[in-house]
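This report goes through one protein model, part by part. Please keep the structure in view while reading.

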Amino acid sequence: MSAANENRQVPQFACVADDVRMGQRVRLASYVNLYGCEIGDDTRLGAFVEVQRDAKIGRRCKISSHSFVCSGVTIEDEVFIGHGVIFINDRYPRATTTDGAPQTEDDWKMEHTVVRKGASIGSGAIVMCGVEIGAGALVGAGAMVVRDVPAGSIVAGHPARLRGPALELKKRESQ
């Protein structure tokens with residue numbers, strides 16, 4: 001991966017910091033905001049996507065418009081993220097400390113989240129910090145993921161509950 005600006009094709013109105021590690025053939029829409037993150041080869045990011053420092057996105061992923069990938073999130077290869085998906089990295093967010101001073105990096109605990117290879121997350125889903133979404137899992141649109149999602153399963157609802165196996169995964173395994 002290269003951090004050199006001359007190897008990037010950054011569209012007008014995209015904000016890509018110099019410390020972004022971007023793979024080959026990454027496609028960015030306008031109005032993305034990327035800083036301190038890693039984006040793998042052949043990944044596509046839609047308009048108004050923000051990827052924060054220390055987030056990692058694998059190869060051949062599609063991150064749809066208006067999605068937010070915060071620090072502490074790792075998205076493995078071939079993952080689909082629908083429109084308006086939000087990841088959370090702080091279970092107890094506060095603007096200030098107990099004495100009223102603005103919080104610093106030392107005043108909160110980031111919790112990591114992992115989305116395993118080939119998983120799909122539907123539009124409008126919210127993914128709470130500290131969870132793992134298993135390989136090939138499918139998270140329904142609008143779901144609120146508060147627990148780990150087993151590999152190859154479908155979850156939906158608020159909170160997300162197990163609905164069954166991901167049929168597409170079963171089809172791929174039988175071929």
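## A buried aspartate

Asp 77 is buried, at a relative accessible area of 16%. Here buried means under 20% relative accessible area, exposed means over 50%, and partly exposed is in between (1.4 Å probe, protein chains only). The model is a predicted one, in which local features need pLDDT of at least 70 and side-chain atom pairs count only at pLDDT 80 or more, while totals for chains, interfaces and linings use all residues. Residues are numbered from 1 along each chain as its sequence is written, and side-chain values use heavy atoms, with hydrogens and water left out.

Asp 77 is placed in the loop between β11 and β12 (80-81). Strands (E, at least two residues) and helices (H or I, at least four) are DSSP runs, numbered from the N terminus. The side chain of Asp 77 reaches the backbone nitrogen of Arg 59 at 2.8 Å.

Strands of a sheet pair through backbone hydrogen bonds, either parallel or antiparallel. In this model, six strands form an open sheet in the order β2-β5-β8-β11-β14-β17, with parallel pairing. Two strands pair if DSSP finds at least two bridges between them. At the edges stand β2 (21-22) and β17 (132-133), each with a single partner strand, so one side of each has no neighbour in the sheet.

Strand β11 (residues 73-75) pairs with strand β14 (residues 113-115) in the parallel sense, over three bridges. Within this pairing, Thr 74 stands opposite Val 114 in β14.

## Salt bridges

Side chains of opposite charge can pair when their charged atoms come close. A salt bridge is counted when a side-chain nitrogen of Lys or Arg lies within 4 Å of a carboxyl oxygen of Asp or Glu. The count for this model is eight salt bridges. One of them joins the side chains of Arg 60 and Glu 78, at 2.8 Å from N to O. Arg 60 lies in the loop between β8 (56-57) and β9 (62-63), and Glu 78 in the loop between β11 and β12, so the pair ties together parts that are 18 residues apart in sequence. Arg 60 is partly exposed at 39% relative accessibility, and Glu 78 is partly exposed at 35%.

Another salt bridge is between the side chains of Glu 111 and Arg 91, at 2.9 Å from N to O. Both Glu 111 and Arg 91 lie in the loop between β13 (86-87) and β14, and the pair ties together parts 20 residues apart in sequence. Is Glu 111 buried or exposed? Glu 111 is buried, with a relative accessible area of 17%, whereas Arg 91 is partly exposed at 32%.

Glu 132 and Arg 116 also meet in a salt bridge through their side chains (3.2 Å, N to O). This pair links distant parts of the chain: Glu 132 is in strand β17 and Arg 116 in the loop between β14 and β15 (120-121), 16 residues apart. Glu 132 has a relative accessible area of 32% and is partly exposed; Arg 116, at 28%, is partly exposed. Salt bridges link Glu 76, Arg 116 and Glu 132 in a network.

## Aromatic rings

A pair of aromatic rings is described by the distance of the centres and the angle of the planes. Rings of Phe, Tyr and Trp (its six-membered ring) pair if their centres lie within 6.5 Å; planes under 30 degrees apart count as stacked, over 60 as edge-to-face and the rest as tilted. The structure has two aromatic pairs. The rings of Phe 13 and Tyr 31 have centres 5.4 Å apart and planes at 0 degrees, so this pair is stacked. Phe 13 is in the segment before β1 (15-16) and Tyr 31 in the loop between β3 (27-28) and β4 (33-34), 18 residues apart. Phe 13 is exposed, at 52% relative accessible area, while Tyr 31 is partly exposed at 40%.

Tyr 31 also forms a stacked pair with Phe 48, at 4.9 Å centre to centre and 5 degrees between the planes. Phe 48 is partly exposed, with a relative accessible area of 45%.

How values were computed
Polar contact = N/O pair within 3.5 Å; in protein donor to acceptor, adjacent residues only side chain to side chain.
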